[in-house]
Every structure is written in structure tokens, then in C-alpha cells.
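Colleague: I would like to go through this model with you and ask, for each label you use, what it rests on.

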Amino acid sequence: MSNKKKQFIDYPVGRTFGLSGVPDEVSIVGFAPNQHPNTPKSTSSYVFRREFLRELIGFLSEPEGDAFYVAGPTGSGKTSGITEVLARLNWPCQQVTAHGRLELADLIGQFKLVSSAPGAVPEMEFVYGVLPNAMKYGHILLINELDYADPSEISGLNDVIEGRPLVITENGGEVIQPHPMFRLIATGNSIGGGDDSGLYRGVMAQNIAFMDRFRFSVVGYMDKVSEEKLLGTLVPGMPGKLRQMLVEVANAIRTQFLGESGTGADGTLSVTMSTRTLVRWAKLCATYREHSSPLEYALSLSLTRRAEPSEAVAIEKIASSILGDQWVADNS
């Protein structure tokens with residue numbers, strides 16, 4: 001019998017992601033526990049959303065020549081939803097955040113002056129980017145904010161999404177065959193068609209042929225019960241009633257941000273309270289509990305100081321109407 005350590009193992013979905021009612025026979029392949037620097041770290045308090053988890057696991061199990069695109073408003077948990085799954089599957093992830101000047105060459109790699117040892121004379125060497133590293137070793141390539149990228153550049157990924165090899169002409173025509181575990185995942189605030197709301201400056205409409213190669217998952221903000229549970233885990237000293245009111249404030253702000261259409265096009269606010277900002281607010285309330293108005297002060301540090309003055313006033317009115325006496329109470 002070989003003593004070679006297994007590189008891949010099957011993970012029971014129910015026990016791995018804390019889902020009740022899922023038999024152990026339902027499993028997904030992942031990497032064996034490892035110390036790879038690109039393997040995400042898990043957060044024990046993370047709350048998985050069942051539908052999103054189903055869609056992502058389905059893609060990871062059988063991509064069938066597709067890539068996977070996760071769309072949603074800012075701070076809704078797009079990236080964390082992906083990395084928390086990968087962390088529990090011990091699946092290394094090569095991440096990059098797109099921007100208007102991102103070129104395909106940035107993903108592939110380029111020649112650089114590299115020293116073999118400190119003080120040694122540097123020599124020209126081809127340094128792989130995130131794409132060939134992910135393809136060679138079966139990692140996930142995660143492109144965050146993909147809709148900020150120039151569509152003429154990012155469309156160069158068409159072939160590798162469909163399972164074709166990567167040919168690096170700059171490195172003597174080197175051919176990299178895709179590892180069976182290689183997957184491409186992207187996130188964005190839009191769904192590739194541009195941003196009509198004007199909230200996400202720099203978002204570009206992507207090439208329709210490129211977007212046709214993706215499966216899509218849409219992630220909204222967490223439901224009230226899940227957010228209250230999250231705050232209870234991260235800020236255990238906060239009374240339950242106060243946690244409920246903070247979540248109520250967050251949802252009222254989101255309603256004003258998203259507007260009737262749910263996209264932001266009809267919204268009256270250009271900033272929102274993401275789950276990330278909500279957690280920050282709750283933690284800062286605890287940090288500055290000796291302040292004469294800890295809720296108001298923590299909210300200013302978390303959100304309103306980056307809002308336009310009129311919007312800051314509107315947000316404070318929302319908070320004060322929901323929090324009542326506690327908004328300006330001395331909680332020391």
C-alpha cells in the first residue's frame with residue numbers, strides 16, 4: 001500500500017457546512033487539509049445561505065465548461081460566501097481585484113528581473129500570474145469586481161473557461177493544460193450589463209459572448225434572523241433587543257439605497273449599510289460604550305462621515321426613529 005498522502009478527499013456537505021437534514025452520502029470533493037498560503041481561512045461564526053451554497057457547490061462539483069459569477073450589492077457577502085466555502089474544502093484560491101487598467105497579461109504573468117539570492121545579480125525570468133498558477137495546480141481563480149475590467153481584455157479568458165489550454169506566447173509558447181480542479185469564479189456589483197443606477201462608478205458592460213460562459217448567482221443582504229445571530233456571536237455583550245434594532249436600522253437604510261426597483265436606480269441614498277458596516281457599527285458601539293451617545297458616535301465612524309451631509313442627516317433620522325431614547329442615551 002502506498003504511503004503517499006491523498007491530495008483530494010470527499011467532504012460530507014451537511015457536516016462540513018452545518019446543514020441539517022443532508023445525508024453524509026451527499027459529498028463534494030476538495031483538497032486534503034493543507035498549509036498552502038492561498039487556502040482561505042474559515043470564520044467559525046459564518047452563517048451560510050442555503051440557496052447560494054447549493055448553487056456554488058453545484059458549480060464546484062460539475063462546472064461543465066462554465067465559469068461562475070456572483071452578483072450583488074456592495075457588502076452583501078459575495079467574496080466571503082465564496083472563500084468560506086473554499087476554506088472548509090481546503091481549496092487554494094488565487095485572488096485578484098479587477099480595475100479599468102487590468103490587462104490579460106497581468107493575469108498571465110510577465111518577465112521580471114529576479115535575484116536567486118539576496119545580493120545576487122538579477123536575471124530576467126518569467127513570473128507566472130494568478131491564471132497559470134491556478135490552472136497548473138487546480139486552484140480557484142477568483143476575480144473580484146470583474147465588471148470594472150476592460151471587456152476587450154477580460155474576454156481573453158474565453159478559451160480557458162471552456163477547458164482549453166493556456167498558451168503563453170511570451171514564454172516561448174509554453175502550453176499549460178488545465179488541472180481537473182481548476183475553476184474560475186468572478187464577483188461584481190452588476191450582472192455584466194453595466195450600471196444604470198450610477199452608484200458604482202467605473203463599472204463597464206461586459207462582452208455578451210464572454211458573459212454567456214457564466215452561471216449566475218445573485219446574493220442579497222442577509223436576512224434579519226441571520227444578521228441578528230451574527231451580531232450575537234461577534235458582539236455577545238449587546239442586548240438582544242438592541243441587536244434587533246440595529247438590524248432594523250440597517251434594513252431601512254438599504255431600502256432607501258436600493259429604491260423600489262431593488263437595484264439602486266430609484267434609491268434616495270448613495271451609500272448603504274452592508275453587513276460589514278453593520279458589524280463595524282455594533283463593535284464600535286461596544287468600544288465606545290462610555291461615550292455619551294455611543295450609538296450615534298459609532299454610526300458616524302462606521303458610515304455617516306463618508307456620506308453627503310444631507311444623506312448623513314437622513315441616515316441619522318432613520319436611526320433615531322428606530323432606536324428612540326437609546327439613540328442619545330448615556331449608556332456608560
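Colleague: What share of the contacts in the protein chain with a separation of 6 or more comes from residues 24 or more positions apart?

Modeller: That share is 71%, where a contact means heavy atoms within 4.5 Å. Please keep in mind that this is a predicted model, in which local features need pLDDT of at least 70 and side-chain atom pairs count only at pLDDT 80 or more, whereas totals for chains, interfaces and linings use all residues. Residues are numbered from 1 along each chain as its sequence is written, and side-chain values use heavy atoms, with hydrogens and water left out.

Colleague: Why is Arg254 called buried, and why is Glu64 called exposed?

Modeller: Buried means under 20% relative accessible area, exposed over 50%, and partly exposed in between, with a 1.4 Å probe and protein chains only. Arg254 has a relative accessible area of 3%, so it is buried, while Glu64, at 61%, is therefore exposed. By that criterion 48% of the 332 residues of the protein chain count as buried.

Colleague: What makes the pairing of Arg254 and Glu227 a salt bridge?

Modeller: The rule asks for a side-chain nitrogen of Lys or Arg within 4 Å of a carboxyl oxygen of Asp or Glu, and the N to O distance here is 2.8 Å, so the pair qualifies. Arg254 belongs to helix α10 and Glu227 to helix α9, 27 residues apart, and the pair thus links distant parts of the chain. Glu227 also counts as buried, at 1% relative accessibility. By this rule the count comes to 7 salt bridges.

Colleague: What makes a set of residues a nonpolar core, and which members of the largest one touch the most other members?

Modeller: Such a core is a set of buried Ala, Val, Leu, Ile, Met, Phe, Trp, Tyr and Cys residues joined through side-chain atoms within 4.5 Å. The largest has 34 residues, of which Leu246, Trp281 and Leu323 touch the most other members. At least two residues each come from α9 (224–234), α10 (240–258), α11 (275–287), α12 (294–302) and α13 (309–323), and α10 gives the most, with 7 residues. Not counting residues up to four places away in sequence, Trp281 touches Leu246, Val249, Met273, Leu295, Ala298, Leu299, Ser302, Leu323 and Trp327. Another core, of 30 residues, lies apart from it and includes Leu102, Ile108, Ala149 and Ile168.

Colleague: Which residues of α12 are buried, and what covers them?

Modeller: The buried residues of α12 are Pro294, Leu295, Ala298, Leu299, Ser300 and Ser302, and their cover includes α10, α11 and α13.

Colleague: How do you know that a space is a pocket rather than a cavity?

Modeller: On a 1 Å grid over the protein atoms alone, a cavity is a set of points where a 1.4 Å probe fits but cannot get out, whereas a pocket is an open set with protein on both sides within 12 Å along at least five of seven lines, and lining residues have an atom within 4 Å of a point. The largest pocket holds about 510 Å³ of space, a volume being the space filled by probe spheres set on the points, which are joined across faces, edges and corners. Its lining has 23 residues, with Tyr46, Gly75, Gly77, Ser80 and Arg276 nearest the centre, and α3 gives the most to that lining, with 4 residues.
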